[in-house]
Amino acid sequence: MSTYDPTSTEGLAEHASERLKMNARGLFTSDLSVNEYLCVEKAGFEPVGLVVGSSIYHIGFQQSNWKASQEMGVLSQAMYSARELAMTRMEEEADQLGADGIVGVRLDVGRYEWGADMAEFIAIGTAIKHKGGKVHRAPNGRPFTSDLSGQAFWTLMQTGKRPVGLVMGNCVYHVAHRGMMQSMRQTGQNVELEQYTQALYDARELAMERMQKEAEAIGDGVLGIVEVKLHENSHGWGSHVIEFFALGTAVVPNEHAEAGQQLPNITPVLDIND
């Protein structure tokens, strides 16, 4: 893994740099709700700007075996690399603002009619900075990333822990087709389709294993991963090709937490907004 350069602006658009200069002068932008904004402030941080990273990526071709369940390695690597590029550019924007980290990160994939084999990967979140000047960055010097909401971020900080990085793992997998004779034998029966079960099980496990390896690579201090989400998408590859994408926030002990910090009391709340 290459050394992270916090001064790099490689890949940033010209107008992104202009927008960040306005944020650096004190005008912050944020996609946090009002409640999230208040929770981030209560945790001792202030938003410094909305940060974005983007990568339009050409997805290569890989021939699948009609009868075989197997990972599509070319597609797995393309989807992972494109997301990583978008994430890195988002972190570069946060660095230009002197942020400690990014909360509420969203990773979206967009497809367009003008490019059947292309996809746009977008990472977006709100960069925040500790008001007391205490550094809360990841061990590798990057701003921490997290998909936690403002409320979840505040709650985590009250436990004496803090987010250190958004970790992810993916697997694009081809699920073998059933043969004609097998389909005919199973017609009208209640029966498990074992080859489908095993293929999807294997693909999910590969994605989750890779997410955990990313967390381990951050360092020995990582306690675990919270808010794990497991997404299933086909991205237009066909009925028997699916991507499993695992995403969560790795957490570490907060070295800045006050000694003897007590967990907040849990208060039941009835939401009447719906």
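Leu-223 is exposed in this predicted model, because its relative accessible area comes out at 53%, and the cut-off for exposed is over 50%. Where does Leu-223 lie? You'll find Leu-223 in the loop between α6 (194-218) and β7 (224-233). Setting aside its neighbours within four places in sequence, Leu-223 is in contact with Lys-161, Val-251, Val-252 and Pro-253.

Now for a buried residue. Glu-36 has its place in helix α2 (residues 34-42). Glu-36 is buried, yet has no salt bridge. Which side chain of opposite charge is nearest to Glu-36? That would be Arg-106, 8.0 Å away. What the side chain of Glu-36 does reach is the backbone nitrogen of Gly-150, at 3.0 Å. Gly-150 also turns up among the contacts of Glu-36 beyond four places in sequence, along with Asp-31, Ser-149 and Gln-151.

Here are the distances so far, side by side.

| Pair | What is compared | Distance |
|---|---|---|
| Glu-36 and Arg-106 | side chains of opposite charge | 8.0 Å |
| Glu-36 and Gly-150 | side chain to backbone nitrogen | 3.0 Å |

On to the nonpolar cores. How many residues does the largest one have? It has 29 residues, and those with the most contacts inside it are Val-51, Met-87, Met-90, Leu-107, Phe-121 and Ala-127. The elements giving two or more residues to this core are β1 (45-58), α3 (73-96), β3 (101-112), β4 (115-130), β6 (161-174) and β8 (241-253). Helix α3 supplies the largest share, 8 residues. If you zoom in on Ala-127 and skip its neighbours within four places in sequence, you'll see contacts that include Val-51, Ala-94, Leu-97 and Ile-102. There's also a second, separate core of 17 residues, with Val-164, Val-167, Ala-203 and Val-222 among them.

Strand β6 is worth a look of its own. Of its 14 residues, 13 are buried, so β6 is largely enclosed by the rest of the structure. Which way do β6 and β8 run? They run antiparallel, and 13 bridges join them. As one of these pairings, Gly-165 has Ala-250 in β8 as its bridge partner. Strand β2 (residues 70-71) also runs antiparallel to β6, joined to it by 2 bridges. Here the bridge partner of Gln-70 is His-174 in β6.

Key:
Residues are numbered from 1 along each chain as its sequence is written. This is a predicted model: local features need pLDDT of at least 70, side-chain atom pairs count only at pLDDT 80 or more; totals for chains, interfaces and linings use all residues. Side-chain values use heavy atoms; hydrogens and water are left out. A nonpolar core is a set of buried Ala, Val, Leu, Ile, Met, Phe, Trp, Tyr and Cys residues joined through side-chain atoms within 4.5 Å. Buried means under 20% relative accessible area, exposed over 50%, partly exposed in between (1.4 Å probe, protein chains only). Helices (H or I, at least four residues) and strands (E, at least two) are DSSP runs, numbered from the N terminus. Contact means heavy atoms within 4.5 Å. Two strands pair if DSSP finds at least two bridges between them. Lys and Arg count as positive and Asp and Glu as negative; His and the chain ends are not counted. A salt bridge is a side-chain nitrogen of Lys or Arg within 4 Å of a carboxyl oxygen of Asp or Glu. A polar contact is a pair of N or O atoms within 3.5 Å; within protein, one must be able to donate a hydrogen and the other to accept it, and residues adjacent in sequence count only if both atoms are side-chain atoms.
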